[in-house]
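Here are some notes for your first look at this one. Have the sequence and the 3D view open as you read.

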Amino acid sequence: MPHDPILKLAALHASYDATPILRDINLQIAPGEIVALIGRNGVGKTTMMRCMIGLLPTTSGTIEYAGRDVTALPADHRARLGIGYIPQGRDVFPRMTVEENLQVGELIGRSRNSPATDLVFGYFPILKERRKQLAGTMSGGEQQQLAIGRALVGNPDLLLLDEPSEGIQPSIVQMICRVLRAIRDKSGTTIVFVEQNLDTILALAERCLVMEKGQIITEIPPGYVTQDSVRRHLLI
Amino acid sequence: MADTISLIFNIVSFASVMVLIVLGLGVIASMMGIFNFAHGEFVLLGAYTVYLSATAGLGLWFGIIAAPIVVGILGLIIERLIIRRFYGSLIIAMLGTYAIGLVIRETIRGLLGGHYESIPEPIGGAFSIGGINFSIWRTIIIIATILILTGSWWMLARTPIGLRIRGALENPMLARTCGISTTKLYALTFAFGSALAGLAGALIVPLYQLSADIGIRFLVQAFLSVMLGGVGTFQGPVLGAGTVGVMASGLPWLVPPVLADPLVFLIALIIVKIRPQGFIAAGRS
């Protein structure tokens with residue numbers, strides 16, 4: 001890797017209550033990479049995301065972000081350091097308006113070019129149209145755009161997305177993929193995402209990490225992310 | 001006519017007292033999922049601050065202004081030292097706050113020597129409109145309640161701190177991933193709720209005599225209000241407190257006072273039975 005990794009997990013173990021979920025995870029992500037975490041249901045992909053943002057404590061091992069050991073830092077501190085997280089199920093604050101949701105994202109106070117909301121409205125015009133609407137009343141696709149927009153106004157250096165395509169119509173998914181790529185190309189934002197949908201993986205990922213039973217069993221290196229290689233790992 | 005207006009005034013002024021007391025309790029319950037059984041004692045501490053200020057020669061007004069600050073700071077200390085260990089275990093939190101309340105109540109009972117102390121109204125007397133007399137202090141309490149409600153609502157709806165509070169209220173986990181430190185926010189909320197209780201105690205103590213039990217006499221009604229209004233919104237507990245306040249002060253005029261108290265509970269429990277989620281349903285998502 002040409003650069004120091006922006007994210008580095010070493011010998012990471014994590015468990016829910018007493019049940020071990022992640023076992024000896026080692027991975028490095030370079031700045032500006034787009035990496036997919038793939039594998040079947042229940043292999044620990046979401047758990048890994050929750051560990052990375054800090055919602056789930058690790059049992060042992062270390063997480064380094066931008067050269068700094070963040071293993072002991074709570075999620076809100078990691079977010080302020082520049083890790084944006086979009087949880088599964090397109091979580092928004094349902095009783096706030098679109099605008100207020102974006103304001104929450106801005107509270108992180110990392111926005112370089114203000115107002116950052118204009119940039120997000122540029123990527124997702126529907127949010128500008130709906131900015132006075134309560135987020136809870138919008139469709140799934142709109143909520144996902146808002147969830148991504150909320151993370152983007154915080155100007156993250158690393159974006160973690162948990163199944164961005166789940167339950168969203170394909171045309172919106174394609175649009176979201178285009179936007180995410182554009183953001184990486186423009187700002188150098190590193191993107192790590194969990195995904196099961198083949199088309200989304202192919203449209204976005206440059207590298208895939210394949211998980212099974214709480215471990216990373218193999219990776220699909222850049223240039224080899226093809227329909228065949230991905231499908232093989234999604235099915236086994 | 002004159003009697004009706006005085007009756008309405010009395011009902012409104014008691015409902016204001018109820019809202020003042022319940023607001024802090026509701027804010028803490030909504031935000032942190034903790035029913036603070038020491039809330040009544042925070043009210044007592046506010047009242048006691050006014051008494052101390054008066055006996056020290058600093059005057060009543062100094063005490064009224066100092067009460068929310070003193071009780072707020074004490075709330076912050078108690079949250080940092082004790083309450084934060086109870087998050088996520090509701091029953092232990094109830095027992096723990098009950099114990100804190102007990103310590104405060106009995107300490108002050110000792111300090112007061114079991115006596116009842118009368119605190120005069122800082123502005124006594126009454127004014128009259130159209131031949132009907134209105135107590136000035138009760139009017140001030142009504143106005144103070146309206147100002148506090150408006151101020152709290154404005155803070156929640158229009159300020160960055162309000163945005164953080166609403167975020168943590170709607171989805172604490174998501175709020176954390178948005179960089180909001182819920183730990184700090186909970187400490188702040190607890191201090192704010194305590195300060196409101198302290199202010200309530202300071203404002204109402206001239207209407208009642210100061211005794212160690214001044215807070216606890218409102219506690220059950222306050223809990224009923226929060227149950228009735230529902231947890232999770234700003235409006236819920238306020239509406240609940242208004243309802244309980246109106247019932248508790250209005251019913252004695254309709255039925256014998258002995259029946260009024262149990263009737264308040266009966267009506268409230270029937271409403272809660274029919275609408276278990278409270279008037280305003282909006283729990284954590």
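This is a predicted model: local features need pLDDT of at least 70, side-chain atom pairs count only at pLDDT 80 or more; totals for chains, interfaces and linings use all residues.

1. Residues are numbered from 1 along each chain as its sequence is written, chains are lettered from A and ligands numbered from 1 in the order in which they are written, and side-chain values use heavy atoms, leaving out hydrogens and water.

2. Take α1(B) and helix α10 (residues 235-254) of chain B: their axes lie 7 Å apart, at an angle of about 145°. Axes here are lines fitted to C-alpha atoms, for helices over the stretch in contact, with angles from 0 to 180 degrees between N-to-C directions; helices are DSSP runs (H or I, at least four residues), numbered from the N terminus. Residues in contact (heavy atoms within 4.5 Å) include Phe14(B) and Gly26(B) from α1(B), and Gly245(B) and Trp253(B) from α10(B). By class, this contact has 14 nonpolar, 6 polar and no charged residues (Ala, Val, Leu, Ile, Met, Phe, Trp, Tyr, Cys and Pro count as nonpolar, Asp, Glu, Lys and Arg as charged, and the others, Gly among them, as polar).

3. Phe14(B) turns up again in an aromatic pair. Its ring centre is 6.4 Å from that of Phe218(B), and the planes meet at 35°, so the pair is tilted. The rule: rings of Phe, Tyr and Trp (its six-membered ring) pair if their centres lie within 6.5 Å; planes under 30 degrees apart are stacked, over 60 edge-to-face, and the rest tilted. Phe14(B) sits in helix α1 (residues 2-32) of chain B and Phe218(B) in helix α9 (residues 216-229) of chain B, so parts 204 residues apart in sequence are tied together.

4. Trp61(B) is partly exposed at 43%, whereas Trp137(B) is buried at 0%.

5. Finally, helix α2 (residues 39-55) of chain B and helix α4 (residues 90-112) of chain B pack at about 30°, axes 9 Å apart. The contact residues include Tyr48(B) of α2(B) and Ile104(B) of α4(B).

Conventions: Helices (H or I, at least four residues) and strands (E, at least two) are DSSP runs, numbered from the N terminus. Buried means under 20% relative accessible area, exposed over 50%, partly exposed in between (1.4 Å probe, protein chains only).
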